[in-house]
Amino acid sequence: YFNVMVPAKGQHDAITFNAAISACEKGGQWQKALQLFSNMIHSKVDLNTTTISAAISACEKCGEWEHALQLFGTLAAHEVEPNEITFNAAISACEKGEQWLLALAVLSAMRTHSVAPDVISYSAAISACEKVGQWQQALCLCAAIREDR
């Protein structure tokens, strides 16, 4: 079992932390990813879209939708502009947690941030609706896909 990596003095940079958070995501270590995220903040390393997207994905992959959405909610405070990867990770977290209303809210927020939903965005939102029997909403999303084309 590994300890949470903290770079040596002078080596604190976003690339190092992003790589470590991504490794935690791939290894299913969401708690370690959150520790690294916290270390990054305390080390005053500038957060970026990659950082938050990787941390959200780490939580999403382990079914920790609440933690994923907490991270998503910190975007403005950290002055980070979300992209489609950030949004898709948050929508997927909602889908895994069977939180269809939250998935639709995140999907809707994409337009507010001038980010166009893609097939992954819609698929995760449709799946969130399907998991809880919201077939009417799923059909509405299918119609929205056609309108976006």
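Helices (H or I, at least four residues) and strands (E, at least two) are taken as DSSP runs and numbered from the N terminus. On this basis the chain has 8 helices and 0 strands, and from the N terminus on its elements run α-α-α-α-α-α-α-α. The radius of gyration of the chain is 16 Å, close to the 15 Å that the globule rule gives for 149 residues, so the chain is as compact as a globular protein of that length. For this comparison the radius of gyration is taken over C-alpha atoms, and the globule rule is 2.2 Å times the number of residues to the power 0.38.

The model is predicted: local features need pLDDT of at least 70, side-chain atom pairs count only at pLDDT 80 or more, and totals for chains, interfaces and linings use all residues. Residues are numbered from 1 along each chain as its sequence is written, and side-chain values use heavy atoms, with hydrogens and water left out. The pLDDT, the predictor's confidence in each residue from 0 to 100, averages 91 over the chain, and 92% of the residues score at least 70.

The C-alpha trace spans about 55 × 30 × 20 Å along its principal axes. Of the 149 residues, 44% are buried, where buried means under 20% relative accessible area, exposed over 50%, and partly exposed in between (1.4 Å probe, protein chains only). The accessible surface comes to about 8100 Å², of which 54% belongs to carbon and sulfur atoms; accessible areas come from the Shrake-Rupley method with a 1.4 Å probe, and for residues only the protein chains shown count as cover. With contact defined as heavy atoms within 4.5 Å, 60% of the contacts between residues at least 6 apart in sequence join residues at least 24 apart. The mean positions of the 10 positive and 15 negative charges are 4 Å apart. In that count Lys and Arg are positive and Asp and Glu negative, while His and the chain ends are not counted; each charge is placed at NZ of Lys, CZ of Arg, CG of Asp or CD of Glu.

Residues up to four places away in sequence being excluded, Glu 25 touches Ala 54, Ser 57, Ala 58 and Lys 61. Thr 16, also placed in helix α1, counts as partly exposed at 28% relative accessibility.

In helix α2, Leu 34 is buried, with a relative accessible area of 19%. Apart from neighbours within four places in sequence, Leu 34 is in contact with Cys 59, His 67 and Leu 71. The C-alpha atoms of Leu 34 and Ile 52, 18 residues apart along the chain, are separated by 9.9 Å.

Most residues other than glycine have a negative phi. Lys 44, which is not a glycine, has a positive phi of about 60 degrees. This residue is in the loop between α2 (30-42) and α3 (49-61) and is exposed, with a relative accessible area of 71%. Glu 79 likewise has a positive phi, near 55 degrees. Glu 79 is found in the loop between α4 (65-72) and α5 and is exposed, its relative accessible area being 76%.
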